[in-house]
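This report describes a predicted model.

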Amino acid sequence: MSTAKRRFQPTTGVLLVNAGELLTLHRSDKPGPRRGPDLKNLGIVKDGAVLCVGGKIVCVGTTKDALRDRWLKRNRGRVMEIDCVGKVVLPGFVDSHTHPVFVSPRLVDFEKRIEGASYEQIAVAGGGIRSSLEAVRKTAKNALAAKVFTALAEMADHGTTTVEAKSGYGLTVESELKSLEAIRAAASRWPGTVVATLLGAHVVPKEFEGCSQKYVEIVCTEMIPRVARRKLAQFVDVFCDKGAFTPEETAQIFAAAERHGLSVRAHMGQLSQTFLEPFLRFSPASFDHMDHVNDDDIQKLATRDTVATLVPGANYFLGLKEYPKARRLIDAGVPLALATDYNPGTSPTISMPMAMSLACTHMKMSPAEAVTAATINGAWSLQVADRKGSIAAGKDADLAVFDVKDYREIAYWFGSNRCVMTVLNGVVTSGN
Ligand SMILES: [Zn+2]
């Protein structure tokens, strides 16, 4: 069945039984995102079962325990029962960093970069972020929404049930609002959960070259207030780096977000090192990329709930030899999440298992650490950990079923999709 056309099936109850491994990620003792040795604690139940009713998880345990559930005994005939023998069931992935509102792949960039062209040469050849801007500005909201929906459906096929989706390829007030409306329209048709982010401060658009402060004013006094008033986003993101926005501009945008009741997150340390300390007073939900970060800042992050979100797909696709120093962050006690950074320029993948595979091979994270970073810690970075990212009674019924016997295979079989079923807020979908 094609991804775009597949229908999602609503059900009242879903019972997954006989799972070879059920990764609950459940832990009731310590609050906050997982860090250090805790990243390896997956809460595995052998021969596991999960009962979901009305979009919520109501019962988790062994298959034997689940079949004793009193409600289930009376209602078994009304429940969709799924045999997961020989399979792994885990919380649906939380992809906490994506840029899905774009029109076309950036093939000029791809080819020119392979030939060794610089960023400037790529722009001259008609590639670069500005080629994405032109198309998004010209394209109607419904057409953008269709693009976003296709990506969401494909993500679900690969086990993702919660997605953070950023605007950021419009960079005018109208086209940023249009991008967020497109995200909202796509999300309303998708049974999973979408958390929207305004990334009006992605780059300084050409019209404001040499006067970035004027553009920052527009972000602060027009985009943020309008987005907040219409509740089009939960977060404001800034690309803080050389060639994008300065730390001072970033703090100014964060302050505007705070005034309007929006939480903040930022692209930090991708190309160069920025001191994080000045931003901590805004309690950012996440600093993303983090290729360049100093030891002092690492120590400070270790005492906070701000999550470091690593996106190794970007390093891979840009052909970089260096990857973020995940071990340094983990050993210091910084909570880590993994995300795809799905975008047309530097990380055109929707696959969380691919991001996990790269985390294992290039950042030396263990397969267990990768699972935690791709589920519960992603949920923390989106401030939805009370509902998402682990399998526990009362949480949203978001599950992924992989046709593998051992969870370590999820990151092992790179480049192939072993996800056979996803449950999104109780709605069962199967790509295969
Ligand atoms: Zn990004």
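The protein donors are H97 (NE2), H99 (NE2), H267 (NE2) and D341 (OD), at 2.0 to 2.6 Å from the zinc ion. The arrangement is irregular because the angles subtended by the four donor atoms run from 80 to 168 degrees.

## Nonpolar cores

The largest nonpolar core contains 116 residues, and I253, F287, M290, L338, M356 and M365 have the most contacts inside it. Helix 6 (residues 141-157) gives the most to this core, with nine residues. Another core lies apart from it and has 18 residues, including V14, L22, V45 and L399.

Leaving aside residues up to four places away in sequence, M290 touches M268, G269, L276, L301, A308, L310 and P324.

## Helix 7

Helix 7 (residues 173-189) has 17 residues, which should span 24 Å at 1.5 Å a residue; the end C-alpha atoms are 25 Å apart, which agrees.

Among the buried residues of helix 7 are V173, L177, L180, I183 and A187; E176 and K178 are also buried. The cover over the buried residues of helix 7 includes helix 5 (129-138), helix 6, strand 7 (160-166), strand 8 (193-201) and helix 8 (212-229).

Conventions: Residues numbered from 1 in each chain as written. Predicted model: local features only at pLDDT ≥ 70, side-chain atom pairs only at ≥ 80, totals over all residues. Heavy atoms only, no water. Donors = N, O, S within 2.8 Å, 3.2 Å for Na, K, Ca; no water. Tetrahedral: all angles 85-135°; square planar, octahedral: opposite > 155°, others 65-115°. Core = buried A, V, L, I, M, F, W, Y, C linked by side-chain atoms within 4.5 Å. Buried < 20%, exposed > 50% of the residue type's maximum accessible area, 1.4 Å probe, protein only. Helix = DSSP H or I, 4+ residues; strand = E, 2+ residues; numbered from the N terminus. Contact = heavy atoms within 4.5 Å. Expected span 1.5 Å × (residues − 1).
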